[in-house]
Amino acid sequence: MRPKELDELLIPPVAKALALSDEFQRLLDSGTVKRRADLARRFKLSRARVTQLLDLHKLHPDILDFVRNLSGLGPRDLSVRQLRLLCPLPHEQQLSLFEARYPEFFNVTGSTGSESARARVFIV
(Lines give C-alpha, C1' and ligand atoms only; values in the text may rest on other atoms or scores of the structure.)
Protein backbone atom coordinates (compact mmCIF):
# COMPACT_ATOMS: atom_id res chain seq x y z
CA MET A 1 0.00 0.00 0.00
CA ARG A 2 1.32 3.43 -0.92
CA PRO A 3 1.60 6.14 1.75
CA LYS A 4 -1.19 8.24 0.19
CA GLU A 5 -3.57 5.27 0.31
CA LEU A 6 -2.57 4.68 3.91
CA ASP A 7 -3.28 8.33 4.74
CA GLU A 8 -6.75 7.98 3.21
CA LEU A 9 -7.48 5.03 5.50
CA LEU A 10 -6.46 7.04 8.55
CA ILE A 11 -8.79 9.97 7.87
CA PRO A 12 -12.05 9.49 9.76
CA PRO A 13 -15.30 9.65 7.74
CA VAL A 14 -16.42 12.80 9.58
CA ALA A 15 -13.25 14.62 8.45
CA LYS A 16 -13.82 13.45 4.86
CA ALA A 17 -17.41 14.71 5.03
CA LEU A 18 -16.24 18.12 6.24
CA ALA A 19 -13.64 18.26 3.44
CA LEU A 20 -16.43 17.58 0.95
CA SER A 21 -18.51 20.32 2.57
CA ASP A 22 -15.56 22.70 2.23
CA GLU A 23 -15.32 21.80 -1.45
CA PHE A 24 -19.06 22.45 -1.89
CA GLN A 25 -18.66 25.88 -0.31
CA ARG A 26 -15.68 26.72 -2.54
CA LEU A 27 -17.66 25.77 -5.65
CA LEU A 28 -20.62 27.91 -4.56
CA ASP A 29 -18.44 30.88 -3.59
CA SER A 30 -16.51 30.80 -6.87
CA GLY A 31 -19.70 30.63 -8.92
CA THR A 32 -18.69 27.32 -10.49
CA VAL A 33 -22.08 26.06 -9.37
CA LYS A 34 -25.05 28.30 -8.73
CA ARG A 35 -27.24 26.21 -6.45
CA ARG A 36 -27.14 23.31 -4.04
CA ALA A 37 -29.15 21.27 -6.54
CA ASP A 38 -26.25 21.68 -8.99
CA LEU A 39 -23.89 20.27 -6.36
CA ALA A 40 -26.22 17.34 -5.76
CA ARG A 41 -26.26 16.45 -9.46
CA ARG A 42 -22.52 16.94 -9.85
CA PHE A 43 -21.61 14.74 -6.86
CA LYS A 44 -24.51 12.29 -7.26
CA LEU A 45 -25.94 13.06 -3.84
CA SER A 46 -29.40 14.05 -2.72
CA ARG A 47 -30.11 17.74 -2.23
CA ALA A 48 -30.83 16.95 1.42
CA ARG A 49 -27.36 15.43 1.89
CA VAL A 50 -25.71 18.47 0.29
CA THR A 51 -27.63 20.70 2.72
CA GLN A 52 -26.66 18.50 5.67
CA LEU A 53 -22.99 18.76 4.77
CA LEU A 54 -23.09 22.50 4.12
CA ASP A 55 -24.82 23.01 7.47
CA LEU A 56 -21.61 21.85 9.15
CA HIS A 57 -20.24 25.32 8.41
CA LYS A 58 -22.57 26.61 11.15
CA LEU A 59 -20.27 24.99 13.73
CA HIS A 60 -17.86 27.02 15.83
CA PRO A 61 -14.55 27.53 13.97
CA ASP A 62 -12.61 25.68 16.70
CA ILE A 63 -14.78 22.60 16.24
CA LEU A 64 -14.32 22.80 12.48
CA ASP A 65 -10.54 23.05 12.90
CA PHE A 66 -10.58 20.08 15.26
CA VAL A 67 -12.50 17.94 12.77
CA ARG A 68 -10.35 19.04 9.81
CA ASN A 69 -7.23 17.95 11.69
CA LEU A 70 -8.49 14.56 12.84
CA SER A 71 -6.38 11.54 12.11
CA GLY A 72 -6.81 7.87 12.86
CA LEU A 73 -6.17 8.76 16.51
CA GLY A 74 -9.29 10.88 16.83
CA PRO A 75 -12.52 9.88 18.54
CA ARG A 76 -14.10 6.91 16.78
CA ASP A 77 -17.68 7.80 17.70
CA LEU A 78 -17.72 11.31 16.21
CA SER A 79 -20.11 11.50 13.26
CA VAL A 80 -21.72 14.03 10.94
CA ARG A 81 -25.03 13.24 12.61
CA GLN A 82 -23.65 14.21 16.02
CA LEU A 83 -22.11 17.40 14.69
CA ARG A 84 -25.36 18.38 13.00
CA LEU A 85 -27.08 18.28 16.40
CA LEU A 86 -24.81 21.13 17.47
CA CYS A 87 -25.38 23.33 14.40
CA PRO A 88 -28.53 25.17 15.55
CA LEU A 89 -27.00 26.02 18.94
CA PRO A 90 -25.07 29.20 19.79
CA HIS A 91 -21.32 28.85 19.34
CA GLU A 92 -20.56 29.02 23.07
CA GLN A 93 -22.95 26.18 23.77
CA GLN A 94 -21.51 24.16 20.88
CA LEU A 95 -18.04 24.44 22.42
CA SER A 96 -19.25 23.58 25.89
CA LEU A 97 -21.09 20.46 24.75
CA PHE A 98 -18.26 19.37 22.47
CA GLU A 99 -15.71 19.76 25.24
CA ALA A 100 -17.90 17.76 27.63
CA ARG A 101 -18.14 14.92 25.10
CA TYR A 102 -14.49 14.92 23.96
CA PRO A 103 -12.38 16.47 26.75
CA GLU A 104 -9.25 14.50 25.91
CA PHE A 105 -9.24 15.62 22.30
CA PHE A 106 -10.55 19.16 22.52
CA ASN A 107 -9.45 21.50 25.28
CA VAL A 108 -11.62 24.61 25.02
CA THR A 109 -13.48 26.27 27.87
CA GLY A 110 -16.79 28.01 27.48
CA SER A 111 -19.92 28.69 29.43
CA THR A 112 -22.93 26.49 28.99
CA GLY A 113 -26.25 28.14 28.24
CA SER A 114 -29.56 26.39 28.61
CA GLU A 115 -29.42 22.99 26.95
CA SER A 116 -32.06 22.02 24.43
CA ALA A 117 -33.31 18.47 24.03
CA ARG A 118 -31.15 18.17 20.90
CA ALA A 119 -28.07 19.20 22.85
CA ARG A 120 -28.73 16.64 25.57
CA VAL A 121 -28.87 13.90 22.93
CA PHE A 122 -25.34 14.82 21.92
CA ILE A 123 -24.00 14.28 25.45
CA VAL A 124 -25.59 10.87 25.99
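**A tour of selected side chains**

Begin by selecting Lys58 and Asp55, whose side chains form a salt bridge with an N to O distance of 3.5 Å. Lys58 is partly exposed, at 47% relative accessibility. The model on display is a predicted one, and the number of salt bridges in it comes to seven.

Next, select Asp22 and Arg68. Their side chains also meet in a salt bridge, at 2.9 Å from N to O. Asp22 belongs to helix H2 and Arg68 to helix H5 (residues 61–68), so this pair ties together parts that lie 46 residues apart in sequence. Asp22 is buried, with a relative accessible area of 13%, whereas Arg68 is partly exposed at 37%.

A salt bridge joins the side chains of Arg68 and Asp65, at 3.7 Å from N to O. Both residues lie in helix H5, three residues apart, which is about one turn of the helix. Asp65 has 40% relative accessibility and is partly exposed. With Asp22, Asp65 and Arg68 displayed together, a network of salt bridges linking these residues can be traced.

Now return to helix H2 (residues 13–30) and select Leu27, which is found there. Leu27 counts as buried because its relative accessibility is 9%, and the cut-off for buried is under 20%. Beyond its neighbours within four places in sequence, Leu27 is in contact with Thr32, Val33, Leu39, Arg42 and Phe43.

Conventions:
Residues numbered from 1 in each chain as written. Predicted model: local features only at pLDDT ≥ 70, side-chain atom pairs only at ≥ 80, totals over all residues. Heavy atoms only, no water. Helix = DSSP H or I, 4+ residues; strand = E, 2+ residues; numbered from the N terminus. Buried < 20%, exposed > 50% of the residue type's maximum accessible area, 1.4 Å probe, protein only. Contact = heavy atoms within 4.5 Å. Salt bridge = Lys/Arg side-chain N within 4 Å of Asp/Glu carboxyl O.
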